[in-house]
Amino acid sequence: MQMSRRILGVGGDGSDAWDVYERARERQAAGKPVVMLTIGDHDRTTPRPILDAMHRSAVGGNTGYAAMRGSASLRAAIARRAAERTGIAVAPEQVVVTAGGQAALFAAFIATLDPGDAAIIVDPYYATYPLTVRAASGRVLTVAARPETGFQIDLEDLAAKAAEARVLLINTPNNPTGAVYSERTLAGVAEIAQRHDLWLISDEVYDVQVHDGVHLSAAAFPGMAERTLVIGSMSKSHMMTGSRLGWMIAPLPVAEQIGDLAIATTYGVPGFIQDAAEYALAEQSALEDEVAELYARRRQVALAALAGSNGLSLTPPAGGMYVMADIRGTGLTGKAFAHLLLEEEGIAVLPGEGFGAAAAGHVRIALTVAEDVLQDALRRLARFADRLARGAA
């Protein structure tokens with residue numbers, strides 16, 4: 001029996017971002033201490049009031065099949081939030097509730113790619129992006145975002161490749177780099193997308209985590225609303241990663257078709273989780289500021305702990321919950337550095353090679369432990385990098 005070429009091709013043949021994470025989990029299971037700075041999952045649980053709202057909804061009977069595109073009241077709440085944050089009118093009918101932002105991303109590619117079409121992603125990229133394009137039977141093209149430009153998109157590179165593509169995916173604030181795309185960058189993206197008639201998928205799940213500058217949505221630029229699909233999620237803003245509650249905001253014809261896709265995939269998101277999300281948006285809006293302040297503090301802890309190291313250098317992140325460290329001064333690849341760091345120091349970070357060619361020689365550090373633990377781990381990481389750099393000199 002033969003599996004489909006589609007499923008065999010999803011994984012591709014690139015570097016795996018998760019192998020260090022899996023090794024770290026094995027070490028933990030064996031009782032060895034590990035400081036886990038790998039995946040973007042909060043070290044704090046979903047706040048109790050949100051869980052209480054979820055519980056009330058479930059025991060109150062909202063455990064049957066839910067509306068495929070999301071409850072009317074939740075879609076209205078998401079539309080209001082989007083309008084307040086972007087300044088553009090969003091109708092509830094444009095919102096589709098999905099099983100997390102990743103499901104929205106997959107649905108967006110299904111809606112905009114035919115088999116063999118090319119999608120452009122920005123390198124460095126979130127590790128699921130190439131897999132998601134391939135799962136939708138698309139081809140992956142990459143454009144560079146380099147450390148020396150603050151990981152802003154290389155617009156010349158984008159313009160050169162746009163004619164070959166049908167879709168462009170951007171992510172701001174960015175995972176893994178922490179870049180917040182500037183008005184100039186997004187204006188260039190908008191101009192290229194319109195000139196080459198590209199769909200734009202804008203992943204904005206970190207929209208509340210902006211440390212420097214402001215978050216701008218590409219959908220708000222002139223002429224972009226009718227070609228932009230915005231991805232959002234409760235995971236980062238309200239510490240609801242495990243609840244798997246995301247959404248897509250899209251032009252109405254796209255949103256209607258995505259609703260049909262839900263019938264073939266998730267069959268909707270549980271109603272009690274939707275009710276908890278609606279409660280969180282209405283009654284826990286201050287949590288978004290608390291989350292932003294938490295990671296802003298940890299960013300400062302990280303920058304101070306890593307300052308002055310000769311073995312690594314940083315492009316300070318303007319947003320998000322990660323720091324990308326350039327460790328090429330050690331003479332190692334990001335993958336070799338991450339494995340050796342785990343073995344010798346019990347600190348787990350993800351190698352940059354898993355996030356694209358532009359991230360080679362880097363490691364991504366998730367700011368997902370308490371400040372005192374983070375400070376100690378990163379000081380040890382810096383000393384470790386310095387020792388390697390002296391040995392490589």
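Let me start with strand β8, residues 246-249, where both faces are covered, since G246 and M248 on one side and W247 and I249 on the other are all buried, buried being under 20% relative accessible area, exposed over 50% and partly exposed in between, with a 1.4 Å probe and protein chains only. Please keep in mind that this is a predicted model, in which local features need pLDDT of at least 70 and side-chain atom pairs count only at pLDDT 80 or more, while totals for chains, interfaces and linings use all residues. Residues are numbered from 1 along each chain as its sequence is written, and side-chain values use heavy atoms, with hydrogens and water left out.

Strands here are DSSP runs of E with at least two residues, and helices are runs of H or I with at least four, numbered from the N terminus; two strands pair if DSSP finds at least two bridges between them. Strand β2, residues 95-98, pairs with β8 in the antiparallel sense over four bridges, and M248 of β8 is the bridge partner of V96. Strand β7, residues 228-233, also runs antiparallel to β8 and is joined to it by four bridges, with W247 as the bridge partner of G232.

Turning to the helices, α2 (residues 19-29) and α12 (residues 334-345) pack at an angle of about 10 degrees with their axes 10 Å apart, the axes being lines fitted to C-alpha atoms over the stretch in contact, and angles running from 0 to 180 degrees between N-to-C directions.

Finally, A187 lies in helix α8, residues 183-195, and at 35% relative accessibility A187 counts as partly exposed. A187 and F221 are 34 residues apart in sequence and 7.2 Å apart in space, C-alpha to C-alpha.
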